Amino acid sequence: MRICVYAASSSQVHQEHQQAAYALGQQLALNGHSLVYGGGSQGLMGAVADGALTHGGEVIGILRTAMQHDDQWA
């Protein structure tokens, strides 16, 4: 199953929320689900992707064309 997660991309979030997002990504991967998310590497979106990738999950990032060359989103 592909599951879409949309969350904050700001790096200014509470550590407990970062940990919860990572755990969500981990559980998605361990249960054989794919993650579809906003494509950023920062904040909660980055944490959920990291959790999934670290545990062998499939991650599909969706990033607007206008943001592809903006270092804030990379």
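Tutor: Start with Ser 34 and its contacts (heavy atoms within 4.5 Å). Residues up to four places away in sequence aside, Ser 34 touches Met 1, Arg 2, Ile 3 and Glu 58. The side chains of Ser 34 and Glu 58 also make a polar contact of 2.4 Å. That term means a pair of N or O atoms within 3.5 Å; within protein, one must be able to donate a hydrogen and the other to accept it, and residues adjacent in sequence count only if both atoms are side-chain atoms. Ser 34 lies in strand E2. Its relative accessibility is 10%, so Ser 34 counts as buried. Buried means under 20% relative accessible area, exposed over 50%, and partly exposed in between (1.4 Å probe, protein chains only).

A word on the basis. This is a predicted model, in which local features need pLDDT of at least 70 and side-chain atom pairs count only at pLDDT 80 or more, while totals for chains, interfaces and linings use all residues. Residues are numbered from 1 along each chain as its sequence is written, and side-chain values use heavy atoms, with hydrogens and water left out.

The protein has 2 helices and 3 strands. From the N terminus, they run β-α-β-α-β. They are DSSP runs numbered from the N terminus: helices are H or I with at least four residues, strands are E with at least two. Buried residues are 30% of the 74 residues. Take the contacts between residues at least 6 apart in sequence: 76% of them join residues at least 24 apart.

Next, the core. The largest nonpolar core holds 12 residues, among them Val 5, Leu 28, Leu 35, Tyr 37, Met 45 and Val 48. Such a core is a set of buried Ala, Val, Leu, Ile, Met, Phe, Trp, Tyr and Cys residues joined through side-chain atoms within 4.5 Å. Helix H1 (15–30), strand E2 (34–37) and helix H2 (43–54) each give two or more residues to this core. H2 supplies the largest share, 6 residues.

Look at H2 itself. This helix has 12 residues and spans 16 Å from first C-alpha to last, close to the 16 Å expected at 1.5 Å a residue. The expected span is 1.5 Å times one less than the number of residues. In H2, 9 of the 12 residues are buried, so the helix is largely enclosed by the rest of the structure. The buried set includes Gly 43, Gly 46 and Gly 51. Cover for the buried residues of H2 includes E1, H1, E2 and strand E3 (59–61). Ala 52 shows this packing in detail. Beyond its neighbours within four places in sequence, Ala 52 is in contact with Gly 25, Gln 26, Ala 29, Leu 35, Gly 57 and Val 59. After H2 comes Gly 56, with a positive phi near 80 degrees.

H1 is the other helix of the core. It has 16 residues and reaches 22 Å from first C-alpha to last, close to the 22 Å expected at 1.5 Å a residue. Its buried residues are Gln 18, Ala 21, Gly 25, Leu 28 and Ala 29. These cover an arc of only 100 degrees around the axis, which puts them on the same side of H1. The arc is taken from the directions from the helix axis to the C-beta atoms. The face turned away from that buried side carries the exposed residues Gln 15, Glu 16 and Leu 30. Cover for the buried residues of H1 includes strand E1 (2–5), E2 and H2. Gln 18 is buried, with a relative accessible area of 19%. Leaving out residues up to four places away in sequence, Gln 18 touches Val 13, Gly 43, Leu 44 and Ala 47. Gly 32 follows H1 and has a positive phi, near 80 degrees.

Ser 10 sits in the loop between E1 and H1. Leaving aside its neighbours within four places in sequence, Ser 10 is in contact with Gly 43 and Leu 44. The Ser 10 side chain reaches the backbone nitrogen of Gln 12 at 3.0 Å. Ser 10 has 35% relative accessibility and so counts as partly exposed. Ser 34, where we began, counts as buried.
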